[in-house]
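Open the model in your viewer and keep the selection tool at hand. The tour goes from stop to stop, saying what to select and what is there.

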Amino acid sequence: MVATLWTSIVQIAVMNWALGSIDGICDKDQPNHYSCPNGRVFFNASVIWGVIGPARMFSPGQLYSGLMWFWLAGAILPVLIYLGARIWPRSKIRYLSAPLVFTGAGLIPPATPLNYLSWGIVGFIFNKWIRSRWRGWWMQYNYVLSAGLDVGLTLSTIVIFLCLQLTDTTFPSWWGTRIATDTMDAAGTAVEITGEKFGPTTW
């Protein structure tokens, strides 16, 4: 309870500091890439569900009415996976989890395939390759290592922010830092529509 309360206070304090101190925060061309992708997704969702309204988008005959069938898939698929695991208890079906599959897919905006690829590679190495060859090590140290990787990422982020970004130091440039920005999606050239509008002319 204390950790949750302290986390809430720190997150709100950092958010208020960032919104008031970082120039151009949440702008697309912000110099330090504070572009707020989660905030944009939340804003777009609020427009969809609030301004336009779900009836104009998802009701029968509307532009995205077919998406409503995924509610049925989300209700049926966990039952099918459960029944399949009971019928074939030694099959790979027992490793499937419909909530994880759907939740993971739902995070794609703002997450990118690069995020999923790195997660998948690390997960495969430690939960398949190492687990099958050095099971004793895996059982004793895997979760400690997972926590260590999370802490290392957080500390690295803080050090990079304090030592490089706040001091206007040029960030080291190499393939690993350029791969996410050297794409048509990041450059805004992936989809170009000239003289046309996406979606219906009136809602």
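Predicted model: local features only at pLDDT ≥ 70, side-chain atom pairs only at ≥ 80, totals over all residues.

Residues are numbered from 1 along each chain as its sequence is written, and side-chain values use heavy atoms, with hydrogens and water left out.

**The whole chain**

Begin with everything selected and a cartoon display. The protein shows 9 helices and 0 strands; helices (H or I, at least four residues) and strands (E, at least two) are DSSP runs, numbered from the N terminus. Read from that end, the order of elements is α-α-α-α-α-α-α-α-α.

Now switch to C-alpha atoms. They fill a box of roughly 55 × 55 × 40 Å, taken along the principal axes. The radius of gyration of the protein is 22 Å, whereas a compact globule of 203 residues would have one near 17 Å. That radius is taken over C-alpha atoms, and the globule rule is 2.2 Å times the number of residues to the power 0.38.

Of the 203 residues, 9% count as buried. Among contacts (heavy atoms within 4.5 Å) between residues at least 6 apart in sequence, 26% join residues at least 24 apart.

**Residues 1-24**

Select residues 1-24. An unreviewed UniProt entry places the feature "signal peptide" here; UniProt positions are given in the numbering used here, feature names are shortened, and annotations may be inferred rather than shown by experiment. This span is 83% helix and 0% strand, with its end C-alpha atoms 35 Å apart.

Within helix α1, pick Q11. Is Q11 buried or exposed? Q11 is exposed, because its relative accessible area is 55%. Draw a distance from Q11 to I48, 37 residues apart along the chain: their C-alpha atoms are separated by 27 Å.

Then move to C26, in the loop between α1 (2-21) and α2 (37-52). C26 is not a glycine, yet its phi is positive, at about 75 degrees. With 34% relative accessibility, C26 counts as partly exposed.

**Residues 66-85**

The unreviewed UniProt entry places the feature "transmembrane region" at residues 66-85 and 142-167. Select residues 66-85: the span is 85% helix and 0% strand, and its end C-alpha atoms lie 29 Å apart.

M68 sits in the loop between α3 (55-58) and α4 (69-87). Its relative accessible area is 38%, so M68 is partly exposed. F58 is 10 residues away along the chain, and the C-alpha atoms of M68 and F58 are separated by 6.6 Å.

Continue to L72, in helix α4. L72 is partly exposed, with a relative accessible area of 43%. Between the C-alpha atoms of L72 and L100, 28 residues apart along the chain, the separation is 17 Å.

**Residues 142-167**

Last, select residues 142-167. The end C-alpha atoms of this span lie 37 Å apart, and the span is 92% helix and 0% strand.

Zoom in on N142, found in helix α7 (residues 135-165). Why does N142 count as buried? Its relative accessible area is 7%, so N142 is buried. Which residues is N142 in contact with, leaving aside its neighbours within four places in sequence? They are F126, N127 and W137.

Methods: Buried < 20%, exposed > 50% of the residue type's maximum accessible area, 1.4 Å probe, protein only.
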